[in-house]
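Please open the model in a viewer and keep the sequence panel beside it. The stops below each name a selection and then describe what is found there.

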Amino acid sequence: MKHIYITTTLPYVNAKPHIGFALEIVQADAWVRTQRALGDEVVFNTGTDEHGQKIHDKAIEAGIETQAYTDKFAQQFDNLKQSLNLSYTNFLRTTNPDHKKAAQEIWRRCLANGDIYKKMYQAKYCVGCELMKTDSELVDGRCPIHPNMDIQLIEEENYFFRFSAYSDKLLKYYDENPEFVKPDFRLQEIRNFVAAGLEDFSISRLKSKMPWGVAVPDDEDHVMYVWFDALVSYISTLGWPTDEAKFNTYWPGIQVAGKDNLRQQSAMWQAMLMSAQLPPSKQIFIHGFITVNGQKMSKSLGNVIDPFDMVETYGTDAVRYYLLREIPALDDGDFTIERMEQVYESDLANELGNLLSRVTTIAAKDKLVLDSKAEQTIDAKLVEQIGKFSFNEALEDIWKEVKKINKQVNEREPWKREAADRKADLEGWLTTLHQIGVNLQPFMPETAEKILAATSGTIEKCQPLFPRIEKKQ
């Protein structure tokens with residue numbers, strides 16, 4: 001048994017969960033369920049990032065205390081566990097006292113290593129990204145990721161992290177670990193960024209201007225910059241620095257993040273770990289963005305997709321299936337209601353659901369009893385694909401089997417034959433369907449359970465797996 005650790009990013013609690021984060025956490029969940037099926041013990045972490053300027057501003061705008069504001073939205077993210085049938089073990093909030101202590105300990109270690117210093121500076125700052133921006137990163141003076149937000153000009157004394165000292169160390173680590181960032185073109189992207197030269201970045205804010213953050217050790221006038229604090233969550237959730245045994249058992253770990261997090265996850269965080277004399281992360285999977293009808297999701301366009309609404313309409317497993325099958329795992333993908341309904345009707349209701357119903361209806365009529373000989377482990381090829389985050393390829397292979405059985409049923413027309421003549425076919429199809437149920441466990445846990453129950457023992461007619469969609473009026 002291996003001990004494995006994987007974490008998603010911790011989304012900001014300045015808005016409700018959207019389908020983009022649902023993609024990330026469902027990907028991680030499918031990966032985790034596969035590892036557990038192999039007998040490994042996995043700590044699966046997610047949570048919420050609750051400090052920073054934009055969260056503080058949102059709380060003021062809402063007219064409530066910042067902690068109360070974060071409590072409200074953190075609960076909404078934790079509610080995804082039930083809605084999307086997630087199997088995470090840890091939900092880390094960065095307002096947790098133990099996390100704050102861990103962030104302060106990282107600070108002390110980086111300071112002792114000579115990598116934290118104080119200076120006056122001027123910078124252009126995007127509150128949306130919570131990052132400093134150079135002129136070359138701006139388009140018409142605005143951040144391309146948050147074009148509706150004004151760039152702030154900051155002039156104050158801050159603490160800085162000596163990021164520039166880690167260019168060679170990071171490049172060496174990338175070279176020695178060619179699988180560190182997946183897909184490969186993202187590793188090349190971060191390698192190019194680091195090779196171009198790193199600039200030290202601010203890691204504090206004046207408390208008098210922005211009080212919502214983790215206190216800087218031994219300086220009551222400053223709070224930590226949100227990224228410095230939030231990244232530490234990946235190890236504070238393991239009990240670091242107090243529970244060294246647990247930390248050493250599970251770290252280094254695997255991270256899942258969106259492409260807008262590439263710099264923070266694969267360069268900034270790794271440099272912080274190196275400075276604190278801690279092992280770098282093991283591997284980072286970077287996924288793309290979800291567009292809606294070909295457009296970027298935004299409140300102004302009114303096209304933000306709420307995962308809770310999708311689950312209410314189509315069901316948990318249908319949403320999981322769409323995200324894992326239709327969205328490229330490590331690149332951009334598009335979501336449309338029209339395609340969601342096509343997938344629901346064709347792949348799920350007809351090809352899978354109707355197939356199981358047809359086969360079990362005839363088998364129940366024949367009073368067939370199946371002592372399943374199907375191997376109770378996920379196919380090795382699928383395990384390999386899932387390990388590489390190739391979820392869409394794995395599901396495509398599973399559906400090849402679904403289509404193959406459908407074709408055989410249509411060609412052999414078992415409903416026109418006598419029970420004795422069709423018995424071998426029915427047993428073969430049920431055995432294959434049983435293995436399909438095993439293989440679907442990481443992707444669609446509830447559906448998989450129903451398939452396994454329907455293809456074992458005395459066969460009874462299976463109720464529709466994916467009933468007719470009830471449209472909202």
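Throughout this tour, a residue is buried if its relative accessible area is under 20%, exposed if over 50%, and partly exposed in between (1.4 Å probe, protein chains only). The model is a predicted one, in which local features need pLDDT of at least 70 and side-chain atom pairs count only at pLDDT 80 or more, while totals for chains, interfaces and linings use all residues. Residues are numbered from 1 along each chain as its sequence is written, and side-chain values use heavy atoms, with hydrogens and water left out.

**Cysteines**

Select C126 and C143. C126 is buried, at 1% relative accessibility. A disulfide is taken to be a pair of cysteine sulfur atoms within 2.5 Å. The closest cysteine sulfur to that of C126 belongs to C143 and lies 3.8 Å away, which is too far for a bond. The disulfide count is zero. Next, select C462, which is also buried, at 11% relative accessibility.

**Strands**

Helices (H or I, at least four residues) and strands (E, at least two) are DSSP runs, numbered from the N terminus. Two strands pair if DSSP finds at least two bridges between them.

Select residues 41-48 and 90-93. These are strands β2 and β3, which pair in the parallel sense over four bridges. Within this pairing, T48 stands opposite R93 of β3. Which residues of β3 form its covered face, and which its uncovered one? N90 and L92 make up the covered face, whereas F91 and R93 make up the uncovered face.

Move on to the open sheet of three strands, ordered β14-β13-β15 and mixed in its pairing. Its edges are β14 (295-296) and β15 (333-335); each has a single partner strand, so one side of each is left without a neighbour in the sheet. Select β13 (residues 290-292) to see its parallel pairing with β15 through three bridges. V292 stands opposite F335 of β15.

**Salt bridges**

A salt bridge is counted where a side-chain nitrogen of Lys or Arg lies within 4 Å of a carboxyl oxygen of Asp or Glu. The count comes to 29.

Select E105 and R109, whose side chains meet in a salt bridge with an N to O distance of 2.9 Å. Both residues lie in helix α5 (residues 97-112), four residues apart, or about one turn of the helix. R109 is partly exposed, at 30% relative accessibility.

Select E156 and K209 next; their side chains meet in a salt bridge of 3.2 Å, N to O. E156 belongs to strand β6 (residues 152-161) and K209 to the loop between β9 (204-206) and β10 (222-224), so the pair ties together parts that are 53 residues apart in sequence. E156 is buried, at 6% relative accessibility, whereas K209 is exposed, with a relative accessible area of 51%.

In helix α16 (residues 391-412), select D397 and K400, which lie three residues apart, about one turn of the helix. They form a salt bridge in which the closest N and O atoms are 3.5 Å apart. D397 is buried, with a relative accessible area of 16%, while K400 is partly exposed at 48% relative accessibility.

Finally for this section, select R412, R417, D421 and D425, which are linked in a network of salt bridges.

**Pocket and cavity**

On a 1 Å grid over the protein atoms alone, a cavity is a set of points where a 1.4 Å probe fits but cannot get out; a pocket is an open set with protein on both sides within 12 Å along at least five of seven lines, and lining residues have an atom within 4 Å of a point. Grid points are joined across faces, edges and corners, and a volume is the space filled by probe spheres set on the points.

The second largest pocket holds about 460 Å³ of space. Select M132, T134, E199, D200 and R263, the closest to its centre of the 23 lining residues. The elements giving two or more residues to this lining are β4 (116-126), β5 (131-133), β8 (201-202) and α11 (262-275). The largest share, five residues, comes from β4.

Last, turn to the one cavity of 30 Å³ or more. The largest cavity contains about 50 Å³ of space. To display its lining, select G52, Q53, Y125, E130, R205, M210, M224, Y225 and V226.
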